[in-house]
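Work through the exercises below with the sequence and the coordinates at hand. Each task is followed by a stepwise solution.

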Amino acid sequence: MIFAMTSIGVLGFIVWSHHLYTVGLDANTRAYFTAATMIIAVPTGIKIFSWLATLYGGTLVFRTPLYYTIGFIFLFVVGGLTGIVLANASVDLSLHDTYYVVAHFHYVLSLGALFAIVGSLYHWGPKIVGKRYNESLGQIQFWTLFIGTNVTFFPMHFLGLAGMPRRIPDYPDAFGGWNAIISYGSIVSMVSSLLFIYILYNQLVAGETITENNIWYIPSYFDYSHSSSITSSSLEWATQTPPISHNFNSIPKTFI
């Protein structure tokens, strides 16, 4: 995993011109950046398989944070696969400035980053504020957001392949069908976002107060108070809920 992340960092310096295929690069330069961009997919794939191996080796509890974790991996993979398509200079010359590109970078950045951030709020939020969120509403919010965002952005691949350009104020009627579906998906996504705001409000106002330090009962490695009831796999779960300003007066003991 560390080598894969390092490789992505290094290769990231030599793939930047895949954003510039249409500016008049010669064939040899386009071929080089095509190869470099496809090579960077290898350590990226290693990262994805590392995430899957972590899930495979763990004890999965299907709560909202795990749904968001799996959703993130799926969305990131879809965005990565469409990125491989765009890595080919010959294909990118046709798809550049179409909605295929819009779909690609939204799956990688907007959806991938969004699901990771929201999932982390569900995971660490109860620890930070000391109150539980409504699990049923959380799962409903995940599925509405997952369905809404996919209905919004996945049809953009079809529009891009059909030649619909981006950065235009209007479009021909031939593209109206998919754009209507996209609009319905965006409405579902907006409703899900409003539900998420309500879940946070309900958590702060009416959420169940948490007394456990290790609120998710994660397997134990650290122990600060010499009591097995609060041991955890990392230090944030060994501290008081919500955390106090000064956590440790001595170095926590590690059990391996």
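**Exercise 1.** Classify Asp97 as buried, partly exposed or exposed, and locate Asp97 among the elements.

Solution. Step 1: the relative accessibility of Asp97 is 27%, so Asp97 counts as partly exposed (buried is under 20% relative accessible area, exposed over 50%, partly exposed in between, with a 1.4 Å probe and protein chains only). Step 2: Asp97 sits in the loop between helix 5 (89-95) and helix 6; helices are DSSP runs of H or I with at least four residues, strands are E runs of at least two, and both are numbered from the N terminus. Step 3: the phi of Asp97 is positive, near 60°, and the residue is not a glycine.

The model is predicted: local features need pLDDT of at least 70 and side-chain atom pairs pLDDT 80 or more, while totals for chains, interfaces and linings use all residues. Residues are numbered from 1 along each chain as its sequence is written, and side-chain values use heavy atoms, without hydrogens and water.

**Exercise 2.** Describe the surroundings of Thr34.

Solution. Step 1: Thr34 belongs to helix 2 (residues 27-39). Step 2: a relative accessible area of 12% makes Thr34 buried. Step 3: a polar atom of the Thr34 side chain lies 2.8 Å from the backbone oxygen of Arg30. Step 4: apart from neighbours within four places in sequence, Thr34 is in contact (heavy atoms within 4.5 Å) with Tyr21, Ala87, Asn88 and Ala89.

**Exercise 3.** How do helix 4 and helix 6 pack?

Solution. Step 1: helix 4 (residues 64-87) and helix 6 (residues 99-129) have axes 8 Å apart, at an angle of about 160°. Axes are lines fitted to C-alpha atoms, for helices over the stretch in contact, and angles run from 0 to 180 degrees between N-to-C directions. Step 2: helix 4 is therefore roughly antiparallel to helix 6 (over 145 degrees; under 35 is roughly parallel, 65 to 115 roughly perpendicular, the rest oblique). Step 3: the contact of helix 4 with helix 6 has 17 nonpolar, ten polar and no charged residues. Here Ala, Val, Leu, Ile, Met, Phe, Trp, Tyr, Cys and Pro count as nonpolar, Asp, Glu, Lys and Arg as charged, and the others, Gly among them, as polar.

**Exercise 4.** Which peptide bond is cis, with omega near -10°?

Solution. Step 1: the cis bond runs from Thr241 to Pro242. Step 2: Pro242 lies in the loop between strand 1 (222-223) and strand 2 (253-254).

Definitions and conventions. A polar contact is a pair of N or O atoms within 3.5 Å; within protein, one must be able to donate a hydrogen and the other to accept it, and residues adjacent in sequence count only if both atoms are side-chain atoms.
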